[in-house]
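Thanks for coming. I will go through one model this morning, starting with a hairpin and ending with a surface patch.

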Amino acid sequence: MKSWLALIRPGDWLVVLGSAALVGASIPVFWQGGLADRAIIRQEGRIFAEVDLKASKQFAVSGPLGTTLIAVEPGRARVVADPGPRQYCVRQGWLMRPGEIAICAPNRVSVQIAGRTRVYDSISY
Amino acid sequence: MTQLAVTAEDRRVAWLATAAVGLSLVDAAIPSPLPGVKPGLANIVTLVVLARYGWATAVWVSALRVLAGSLLLGYFLAPGFFLSLTGTTLSLLTLGVARHLPPRWFGPVSLSILAAFAHIGGQLLLARAWLIPHDGVFLLTPVFAGAALVFGTMNGLIAAKLLAETPPSDSADA
C-alpha cells in the first residue's frame with residue numbers, strides 16, 4: 001500500500017481532490033438543474049394553464065367527453081381522473097421530469113412538465 | 001514498386017499497440033453496470049508510451065488500438081467506434097498539453113485522470129450531438145465523471161508502478 005502511495009506526486013493529490021470536488025459539484029448541476037418547475041396544461045392544443053410546481057393545486061379542465069381532473073403538487077403533477085375510455089393518462093401517474101407528458105387524447109387534454117430549459121421528447125423527433 | 005522498410009520504431013509501435021488491444025479486449029470482457037463505464041485499461045499503455053516514447057508514439061499506439069480493437073470486437077464504424085475515436089482523440093490532445101506539467105509535481109496519476117475526463121467528456125458531447133440529441137444524456141454526467149476519476153486514478157497508479165519498476169530501455173517490449 002505504501003509503495004502505491006509513493007507513486008502519487010503532490011500535484012496528483014491536487015488533481016485527485018480537485019476532480020473529486022468537481023464531480024461532487026456536478027451532481028446538483030446535472031441532477032437538479034433540469035428539475036421540473038412548471039406544468040403546462042393544454043386543452044384542445046391551446047394552453048389552458050401554466051402552473052409553477054410549487055404549491056398544491058387542482059384543475060378541472062373540460063373537454064368533449066367531460067372533465068379531466070389534474071393535480072399539481074410541489075415538483076410533480078398528474079391526471080387524477082379522466083373520462084377517456086382507456087385511462088392511459090391517468091395510469092401514467094406522477095410526472096416529475098421536464099419533458100414528461102400525459103396526454104388524455106379522447107378528452108383533448110394534456111399535462112406536460114417543463115423545466116428551466118426547453119426539452120424535447122421522443123415525439124418531437 | 002517501393003518496399004516499405006520496417007523500422008525498430010514501427011516494431012515497437014506494433015508491439016505496444018498489441019498490448020493495448022489486448023487490454024481493450026480484457027476491458028470489453030469486464031461486465032459493466034452502465035454502457036460507457038469501463039476501466040479503460042488500455043490507457044495504461046498509452047500513459048506508459050507517453051512517458052517513455054513521447055506523444056507521437058502514443059498517438060500511433062492509440063490510433064492502432066482503436067482501429068484494431070473495434071475490428072476485433074466487431075464495432076468498426078459503428079457508433080461505438082466513433083465514440084471511442086472521439087474520446088481517444090480528446091484524451092490524447094489533453095495528454096499533449098498536460099505532459100508539459102512539471103513532472104516533479106504531476107505524475108502519471110494526474111495525466112491519467114485528466115485524460116479520463118477528456119475521454120468521457122468527448123464521448124458525452126458526441127453522444128449529445130449525434131446519437132441522443134437530448135440533454136438527458138448529461139443526466140449521467142456525474143456517474144461518468146465519478147467513474148472517470150476512480151478508473152483514471154487506478155490506471156494512473158498502475159502506469160506509475162510500471163514506469164517505476166521497469167527501467168527505461170529501447171527494447172520493443174518495454
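**Sheets, salt bridges and a patch**

I start with a hairpin: strand 3 of chain A and strand 4 of chain A form it with four residues between them, and Gly66(A) in the turn has a positive phi of about 155 degrees. Before going on, the conventions. This is a predicted model, in which local features need pLDDT of at least 70 and side-chain atom pairs count only at pLDDT 80 or more, while totals for chains, interfaces and linings use all residues. Residues are numbered from 1 along each chain as its sequence is written, chains are lettered from A and ligands numbered from 1 in the order in which they are written, and side-chain values use heavy atoms, with hydrogens and water left out.

For terms, helices (H or I, at least four residues) and strands (E, at least two) are DSSP runs numbered from the N terminus, and two strands pair if DSSP finds at least two bridges between them. Within this pair, Phe59(A) has Ile70(A) of strand 4 as its bridge partner.

Strand 4 of chain A also pairs with strand 5 of chain A, residues 76-81, antiparallel and over five bridges. These two make a hairpin as well, with two residues between the strands, and Gly75(A) takes a positive phi near 80 degrees there. Together we have an open sheet of three strands in chain A, order 3-4-5, with antiparallel pairing. Strand 3 and strand 5 of chain A have a single partner strand each, so one side of each is left without a neighbour in the sheet. On average, neighbouring strands of this sheet are turned by 25 degrees against each other, direction ignored. The axes behind such angles are lines fitted to C-alpha atoms, for helices over the stretch in contact, and angles run from 0 to 180 degrees between N-to-C directions.

What stands opposite Arg76(A) of strand 5 of chain A? The residue is Glu73(A). The side chains of these two also meet in a salt bridge, at 3.0 Å from N to O. By salt bridge I mean a side-chain nitrogen of Lys or Arg within 4 Å of a carboxyl oxygen of Asp or Glu. Arg76(A) is partly exposed at 28% relative accessible area, and Glu73(A) is partly exposed at 28%. Here buried means under 20% relative accessible area, exposed over 50% and partly exposed in between, with a 1.4 Å probe and protein chains only.

Now the other sheet in chain A. This one is an open sheet of four strands, order 2-1-7-6, with antiparallel pairing. Its edge strands are strand 2 (46-52) and strand 6 (101-104) of chain A, each pairing on one side only. The twist averages 15 degrees from one strand to the next. Strand 1 of chain A, residues 38-43, is joined to strand 2 by six bridges, and the two run antiparallel. Arg42(A) stands opposite Ile47(A) of strand 2 of chain A.

Stepping back to the whole chain, chain A has three helices and seven strands, in the sequence pattern α-α-β-β-β-β-β-α-β-β. Of its 125 residues, 36% are buried.

On to the remaining salt bridges. Over all chains, the structure has seven. One joins Asp37(A) and Arg38(A), whose closest N and O atoms are 3.5 Å apart. Asp37(A) is partly exposed at 29% relative accessibility, and Arg38(A) is partly exposed at 26%. Asp37(A) and Arg38(A) are linked with Glu50(A) in a network of salt bridges.

In chain B, Lys161(B) forms a salt bridge with Glu165(B), with the closest N and O atoms 3.6 Å apart. The two residues are separated by about one helical turn because they are four residues apart in helix 6 (residues 141-165) of chain B. Lys161(B) is buried at 18% relative accessible area, whereas Glu165(B) is exposed at 54%.

Last, the patch. Which residues of chain B make a nonpolar surface patch of about 370 Å²? They are Leu67(B), Leu71(B), Phe76(B) and Leu77(B). Leu77(B) sits in the loop between helix 3 (55-73) and helix 4 (79-98) of chain B, and Leu77(B) is exposed, with a relative accessible area of 52%.

Methods. Patch = residues over 30% accessible without salt bridge, like charges linked within 9 Å, V, L, I, M, F, W, Y side chains within 5 Å. Areas by Shrake-Rupley, 256 points an atom, 1.4 Å probe, with all protein chains shown as cover.
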